[in-house]
Amino acid sequence: MTFKISVVMPVYNAEKELNAAIDSIINQSLGFENIELIIVDDCSTDNSRNIIIDYANEYDNIVPVFLDENSGLPGKPRSLGIKYASADYISFLDSDDELIIKFKWLNNYYAYEKIIELDCMTIVI
């Protein structure tokens with residue numbers, strides 16, 4: 001399947017916020033079928049892993065990745081997520097953040113990039 005954008009989400013012990021973060025991606029106006037969500041769990045010790053598995057079982061475009069050891073920083077999960085990304089455009093969302101649906105962020109982001117036809121882009125985190 002071809003996706004318009006890949007979203008990489010590093011996760012560590014985020015069971016309280018994780019559902020809201022994932023749902024904010026699922027509900028984007030771009031249409032979740034156009035989004036690849038790569039969730040990289042950094043060896044969480046809470047229920048995050050089970051939440052990720054439940055979503056991945058429900059949606060084919062959610063790619064779960066589980067690290068065997070905690071890296072201690074979100075950089076390693078982000079970098080690993082990039083390797084799994086298949087879309088031309090990649091974005092990042094931390095597991096304790098949400099994309100506000102009313103701003104249609106991913107849809108506008110993708111449209112803007114297509115209009116100006118950038119070969120590459122930098123996302124400041």
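## Basis

Residues are numbered from 1 along each chain as its sequence is written. In this predicted model, local features need pLDDT of at least 70 and side-chain atom pairs count only at pLDDT 80 or more, while totals for chains, interfaces and linings use all residues; side-chain values use heavy atoms, with hydrogens and water left out.

## Fold

The protein chain has four helices and four strands, taken as DSSP runs (helices H or I, at least four residues; strands E, at least two) numbered from the N terminus. Along the sequence the pattern is β-α-β-α-β-α-β-α.

Of the 125 residues in the protein chain, 42% are buried (under 20% relative accessible area, with exposed over 50% and partly exposed in between; 1.4 Å probe, protein chains only).

## Nonpolar cores

A nonpolar core is a set of buried Ala, Val, Leu, Ile, Met, Phe, Trp, Tyr and Cys residues joined through side-chain atoms within 4.5 Å. The largest has 23 residues, and Met9, Leu18, Ile22, Ile25, Leu37 and Ile62 touch the most other members. At least two residues each come from strand E1 (5-11), helix H1 (18-26), strand E2 (35-41) and helix H2 (48-58). H1 gives the most, five residues. Another core, of six residues, lies apart from this one and includes Ile38, Val40, Val65 and Ala85.

## Asparagine 34

Asparagine 34 is in the loop between H1 and E2. This residue counts as buried because its relative accessibility is 16%. Leaving out residues up to four places away in sequence, asparagine 34 touches Phe3, Lys4 and Ile5 (contact means heavy atoms within 4.5 Å).
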